[in-house]
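Subject: A structure for you to look at

Hello,

Here is the structure I promised to pass on. Please open it next to this email and follow along.

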Amino acid sequence: MAIEVGSVLEGKVTGIKSFGAFVALPEGKSGLVHISEVSNSFVEDINTVLKEGETVKVKVMSIAEDGKIALSIKRLLPREPRPEQRGNGDRGNYRGNGGQRPNGQRRAPRNEAPRVWQPKKVETPENMSFEDMMSRFKSQSEDKLASLNADAPHNRRGGYGNRSRRK
């Protein structure tokens with residue numbers, strides 16, 4: 001039986017390293033099962049899963065031009081079931097709150113009309129007192145200054161360094 005990509009073979013583990021296990025294959029060839037291809041779950045120490053001399057079933061993943069053969073045990077194992085999805089197509093990620101939406105919010109049912117953004121009602125100066133107008137002006141100017149400071153470069157010298165030290 002020729003060794004080709006996708007074929008399933010039986011082999012014997014001949015050596016174990018921290019990065020994977022070497023497996024002797026038919027026709028006197030050998031391949032490597034990388035530690036990430038040993039099990040469906042995370043493997044910190046390959047010695048806990050495989051032992052030298054053990055017979056294993058492997059799938060040929062690739063054959064490099066130089067003859068190196070990449071193998072996998074994991075691809076022959078049944079897949080672990082995925083965690084159950086929450087209902088109603090809710091794909092939000094709320095890990096920090098035990099899976100609950102913040103502030104007890106809930107997703108709007110699909111049969112409700114979508115919420116549409118409405119601009120805030122702007123008070124005209126005719127309806128505002130002088131104190132309200134000053135407060136509004138101060139708030140707007142502070143916001144503008146904060147955005148300007150955030151955009152300004154931190155190095156005020158133009159990025160050319162100190163010219164007086166050049167010789």
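**The helix**

Helix α1 is hardly covered: among its 22 residues, the count of buried ones is zero. Buried means under 20% relative accessible area, exposed means over 50%, and partly exposed is in between (1.4 Å probe, protein chains only). Helices (H or I, at least four residues) and strands (E, at least two) are DSSP runs, numbered from the N terminus.

Before going on, a word on the source. This is a predicted model: local features need pLDDT of at least 70, side-chain atom pairs count only at pLDDT 80 or more, and totals for chains, interfaces and linings use all residues. Residues are numbered from 1 along each chain as its sequence is written, and side-chain values use heavy atoms, with hydrogens and water left out.

Back to α1. The helix reaches 32 Å from its first C-alpha to its last. That is close to the 32 Å expected at 1.5 Å a residue; the expected span is 1.5 Å times one less than the number of residues.

F130 lies in α1, which covers residues 130–151. At 55% relative accessibility, F130 counts as exposed. An α-helix has 3.6 residues a turn, so residues three or four places apart point the same way.

**The barrel**

Now the strands. Five of them close into a barrel, in the order β1-β2-β3-β5-β4, with mixed pairing. The twist averages 50 degrees from one strand to the next. Axes here are lines fitted to C-alpha atoms, for helices over the stretch in contact, and angles run from 0 to 180 degrees between N-to-C directions. Two strands pair if DSSP finds at least two bridges between them.

Take the pairs in turn:

- β1 (residues 8–17) and β2 run antiparallel, joined by five bridges. G15 has F22 in β2 as its bridge partner. Two residues separate the strands of this hairpin.
- β2 (residues 20–24) and β3 are also antiparallel, over five bridges. V23 stands opposite G31 in β3, and A21 stands opposite V33.
- β3 and β5 (residues 69–72) are parallel, over two bridges. Here V33 stands opposite L71.

β3 (residues 30–34) has alternating side chains. G31 and V33 point to one face and are buried.

The β2–β3 hairpin has five residues between its strands. E27 sits in that loop. Its phi is positive, about 65 degrees, although E27 is not a glycine.

**The salt bridge**

How many salt bridges does the structure hold? One. The term means a side-chain nitrogen of Lys or Arg within 4 Å of a carboxyl oxygen of Asp or Glu. E37 and R75 form it, with their closest N and O atoms 3.0 Å apart. E37 lies in the loop between β3 and β4 (55–63) and R75 in the loop between β5 and α1, so the pair ties together parts that are 38 residues apart in sequence. E37 is buried, at 13% relative accessible area. R75 is partly exposed, at 45%.

Best wishes
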